Amino acid sequence: MISSVKLTASSFSSSDSIIRKLPLPKPRFLSLTTAQNGKRSLNHAVSSQKPIYISSIEEFALPTKTQRRGTECKAYEADRSLPLEIDVELPDDQARFEAAQKLKIGIYFATWWALNVVFNIYNKKVLTAFPYPWLTSTLSLATGSFMMLISWATRIAEAPKTDLEFWKTLFPVAVAHTIGHVAATVSMSKVAVSFTHIIKSGEPAFSVLVSRFLLGQMFPVQVYLSLLPIIGGCALAAVTELNFNMTGFMGAMISNLAFVFRNIFSKKGMKGKSVSGMNYYACLSMLSLLILTPFAIAIEGPKMWAVGWEKAISQIGPHFIWWVAAQSVFYHLYNQVSYMSLDQISPLTFSIGNTMKRISVIVASIIIFHTPVQPINAIGAAIAILGTFLYSQAKQ
């Protein structure tokens, strides 16, 4: 049944006489088999027991030389008041999806950088007033582990399904992560935050050297050439650092080497493991906490911690407790976001994002802590960071 037919004014034109002379098409009838087949193919979208009504046909007319025919047809079932919804993917849907993905990645990066900057600021404040990097590192891991246990218990996040084999493969990763975490914290307790991150930007050089001489992996010539500005820039920044400290310098170097082994162990041992980035880092934090705690007690100990804590409270006041809590929480959050972003982006994009993160941390720490920087020192830092960017491009 046709409920309405809308005709344009151009439908009755000089072509009316031609239309009347056109022969009418012979009626065609569908066989029973064809009708039944058509009926079955539409059964998922339209009920075969209900008649279909044509609600409107707009601009139904034969085309002329200057006018194109346009027809809009809407259909609905007898007991429906709205047209049927037919899921048709339009070309614009793909564009919208890609735009949403880019926005999501941008949010990941912005959150990652912001959390990292905040962590480094509070971490440096805590280490200045409370120079016990082993306890500070332990508190960071303990806070993150506690947060994830609560998330699993309250089902905010789904707990991972792990077995003994998973923890065996995770153990060497956790050892390397623990060493890298403690070494970086020791470095920040001795030198400026900006200097630690300038040295840590040389991690790609360690990655290539370890992969080449220990694993036998070959790289293109461009990769080796990209290491020259990294090594040269780090060396120039170290030589011209006003507050240079060998312990701080070696801590950053050891952290680079440890994190390279962490990445190697992680790639080798976690192939085929279906654990999300967030839960993977949570398990890594818990195992690292178990490894680190006895060493922290043996090296620093509760007596030293008690004396240092009382001194920090007397000098800073209750704000010091907030500093400790903030640096612990933000340490876990920024690492968690970085591991979550690995599930969404390519390694190249992640490497570029990591380079930009270091730039934001260096600039923010220099501004907030009023770190004196010589022009030659800034040039060295810029060369090292540029080399890191070139490395990420050449490796692909």
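This is a short walk through one predicted protein model, from the overall picture down to single residues.

Two notes on method come before the structure. The model is predicted, so local features need pLDDT of at least 70 and side-chain atom pairs count only at pLDDT 80 or more, while totals for chains, interfaces and linings use all residues. Residues are numbered from 1 along each chain as its sequence is written, and side-chain values use heavy atoms, with hydrogens and water left out.

I start with the whole protein. Its secondary structure comes to 14 helices and two strands; these are DSSP runs numbered from the N terminus, with helices being H or I of at least four residues and strands E of at least two. Of the 396 residues, 41% are buried. Buried means under 20% relative accessible area, exposed means over 50%, and partly exposed is in between, with a 1.4 Å probe and protein chains only. The protein exposes about 23100 Å², and carbon and sulfur atoms supply 66% of that area. Accessible areas come from the Shrake-Rupley method with a 1.4 Å probe, and for residues only the protein chains shown count as cover.

Next, contacts, meaning heavy atoms within 4.5 Å. Among contacts in the protein with a separation of 6 or more, 83% are between residues 24 or more positions apart. The examples that follow show some pairs of this kind.

Take helix α4 first, residues 133-153. This helix has 21 residues and reaches 30 Å from its first C-alpha to its last, close to the 30 Å expected at 1.5 Å a residue. The expected span is 1.5 Å times one less than the number of residues. Several α4 residues are buried, including P133, L141, G144, M148 and W152. As a general point, an α-helix has 3.6 residues a turn, so residues three or four places apart point the same way.

Which residues does A282 touch, not counting those up to four places away in sequence? They are M148 and W152, both on the buried list for α4. A282 itself is found in helix α10, residues 277-299, and counts as buried because its relative accessible area is 1%. The C-alpha atoms of A282 and L149 are separated by 8.7 Å, although the two residues are 133 apart along the chain.

After α4 comes R155, whose phi is positive, near 65°. R155 sits in the loop between α4 and α5 and is exposed, at 75% relative accessibility. In general, most residues other than glycine have a negative phi. H370 is another non-glycine residue with a positive phi, of about 50°. H370 lies in the loop between α13 (347-369) and α14 (375-394), and counts as exposed because its relative accessibility is 68%.

Now helix α9, residues 246-269. N256 is in this helix and is buried, with a relative accessible area of 0%. Leaving aside neighbours within four places in sequence, N256 is in contact with I199, K200, G202, E203 and F206. N256 and P204 are 52 residues apart in sequence and 8.5 Å apart in space, C-alpha to C-alpha.

S211 lies in helix α7, residues 203-213. Is S211 buried or exposed? S211 is buried, because its relative accessibility is 5%. Beyond four places in sequence, S211 touches G216, Q217, F219 and I264.

Helix α9 gives the largest share of the patch, three residues. I179 comes from helix α5, residues 164-190, and is partly exposed, at 43% relative accessibility.

Another exposed residue is Q315, at 52% relative accessibility, in helix α11, residues 301-316.

Last, the cysteines. How many disulfides does a search of the whole structure find? It finds zero, where a disulfide is a pair of cysteine sulfur atoms within 2.5 Å. C234 is buried, at 11% relative accessibility, and C283 is buried too, with a relative accessible area of 1%.
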